[in-house]
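Subject: Structure for you to look through

Dear colleague,

I am passing on the structure we talked about, together with some notes to read beside it. Please open it first and keep it in view while you go through the rest.

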Amino acid sequence: MMKLVLPIIAALICAIQFTFLPSGVHAADTVVSQSVIAQALPATVAIYTEKNTHAKSLSKEKVAETRSLPKTTEAWTEEQARALLPKQRDMSASRPDEIPLGSGFIIRPDGFIVTNHHVVAGSSSMTVKLSDGKAYPAEIIGSDPLADLAVIRINVPHQLPTLSFGDSDNLTLGQPILAIGSPFGFAGTVTGGVVSALGRRTEDNAVLDLIQHQAPINVGSSGGALIDYQGRVVGINSAIFSPLGGNIGISFAIAGNQAQPVIEQLLRQGYTVRGGLDVETQPLSQEISTGLPGSPKDGIIVIRSPEQGHNRILDVGDILVSCNGQRIASNNDLARLLYPLTTKAEIPFEMIRDGQRRTVSLLVTPQRSVTVPIAVKEPASDKAVGHATAGMTILPIDQGLSRSLGLPQNQKGMLILAVQPESGAALAGLRPGDIVIAAGTKAVVTADDFHEAVSKARGLRQISLLIQRNGDRNYLKVEIF
């Protein structure tokens with residue numbers, strides 16, 4: 001009797017397993033073959049880069065030195081202003097460290113390799129180690145920061161094994177997958193899991209869909225292949241969610257079908273083309289909203305507007321609410337909507353200015369995935385005088401001050417010379433060297449502009465200030481005591 005029961009139980013287990021396979025997943029896709037792994041491993045690589053230890057920060061990063069402040073807070077000279085500000089320290093002399101930074105996989109037998117942009121960004125040199133342990137210097141063919149994808153190449157005297165892309169659109173929840181990479185430098189590590197979710201997005205990758213999966217990946221796994229049980233690439237591993245820094249079963253890979261057009265552009269021309277507005281924006285938080293006219297609840301706020309061209313109709317402080325009828329709630333939303341637009345086109349945007357909604361036509365232009373410096377025009381000079389207000393001492397920026405501080409010659413705004421301890425400015429995190437670009441939605445060019453804006457905001461006991469620091473801009477809420 002027992003001999004009959006055991007086969008029946010085994011048959012029932014098999015039936016249950018096959019009954020509950022995810023829709024579209026065949027039984028053959030749930031059993032990984034050793035030959036699949038054996039074929040995939042030789043096409044995966046470990047990527048080592050040399051970077052300055054300080055190169056992880058922005059190249060314009062400034063290091064502040066402690067200085068004593070003059071006792072007066074009434075009027076300061078330009079010389080006093082320069083003496084107070086942080087000195088820029090040269091980081092280029094720092095000793096470069098070799099870091100096993102990531103992974104990749106070979107897509108062409110002549111040495112072309114796919115990885116993440118963040119793996120190769122800022123590298124002074126790069127080495128690729130193959131599965132047989134041989135290492136070769138590598139060059140960057142092209143990279144796209146928004147998509148977090150890069151193509152690199154090594155020159156080898158022989159043909160290399162490759163991986164091919166599958167169809168990531170056919171993935172289903174619960175489908176088994178494998179991740180191959182070099183976590184913590186352990187090359188050729190294979191881990192398994194299932195697809196947890198599709199169509200995810202994170203702050204680090206706004207424009208392409210991500211596959212959430214359970215296969216453990218860690219530091220060094222970025223750029224490695226996510227493959228199905230047939231050995232086809234369905235994603236490029238790029239990130240994990242981890243409150244403590246280790247893997248907790250929430251991993252992300254860029255969907256292969258969306259990555260392929262980006263990779264093809266990088267292979268063909270070394271850069272990608274995407275739509276852009278030539279504006280810089282910031283998400284509209286509740287804190288910032290309360291300091292703006294009408295307290296708008298959604299959208300993104302313009303913090304840097306074009307100085308020429310069709311889109312100069314935008315002003316700092318304008319709030320973009322929708323693009324071509326689709327809601328914009330974050331910078332990522334805008335990037336995702338513009339990314340596929342590779343030809344010049346006028347697109348309707350809904351915006352808010354001074355509390356009033358209006359529709360404008362903005363020109364979306366194709367932009368490369370590289371940054372080209374723009375020449376700036378020299379403004380007229382005005383005499384600089386420091387003024388104390390709202391818990392800080394400010395100084396209008398003129399041509400001389402811009403030149404001495406290494407700022408663009410057309411830089412406008414109010415330079416913060418000192419911040420009064422325990423003031424609203426101090427609590428907001430403002431510090432000497434910051435530049436006030438706008439108060440609310442109004443540009444600040446003179447001390448009178450700033451005083452007027454603060455006076456109007458005293459009834460609200462707070463004001464939203466657009467602050468520039470080391471070239472980056474953000475709105476901050478400052479309480480007025």
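Helices (H or I, at least four residues) and strands (E, at least two) are DSSP runs, numbered from the N terminus. On that basis Asp228 sits in the loop between strand 10 (225-227) and strand 11 (233-240), and the protein as a whole has 10 helices and 26 strands.

Two remarks on how to read the values. This is a predicted model, in which local features need pLDDT of at least 70 and side-chain atom pairs count only at pLDDT 80 or more, while totals for chains, interfaces and linings use all residues. Residues are numbered from 1 along each chain as its sequence is written, and side-chain values use heavy atoms, with hydrogens and water left out.

To stay with Asp228, this residue counts as buried at 5% relative accessibility, where buried means under 20% relative accessible area, exposed over 50%, and partly exposed in between (1.4 Å probe, protein chains only). Its side chain makes a polar contact of 2.8 Å with the side chain of Arg232, and a polar atom of the Asp228 side chain also lies 2.9 Å from the backbone nitrogen of Gln230. A polar contact is a pair of N or O atoms within 3.5 Å; within protein, one must be able to donate a hydrogen and the other to accept it, and residues adjacent in sequence count only if both atoms are side-chain atoms. Leaving aside neighbours within four places in sequence, Asp228 is in contact (heavy atoms within 4.5 Å) with Gln175, Ile177 and Val234.

Turning to the interior, 44% of the 481 residues of the protein count as buried.

Next come the charged pairs. Side chains of opposite charge can pair when their charged atoms come close. A search of the whole structure finds 10 salt bridges, each being a side-chain nitrogen of Lys or Arg within 4 Å of a carboxyl oxygen of Asp or Glu. One of them joins Glu280 and Arg304, with the closest N and O atoms 2.8 Å apart. This pair links distant parts of the chain, since Glu280 is in strand 14 (residues 280-283) and Arg304 in strand 15 (residues 300-304), 24 residues apart. Glu280 is partly exposed at 26% relative accessibility, and Arg304 is partly exposed at 28%.

Through salt bridges that share partners, Asp315, Asp318 and Arg353 are joined into one network.

Finally, Phe186 lies in the loop between strand 7 (176-181) and strand 8 (189-202), and this residue is exposed, with a relative accessible area of 58%.
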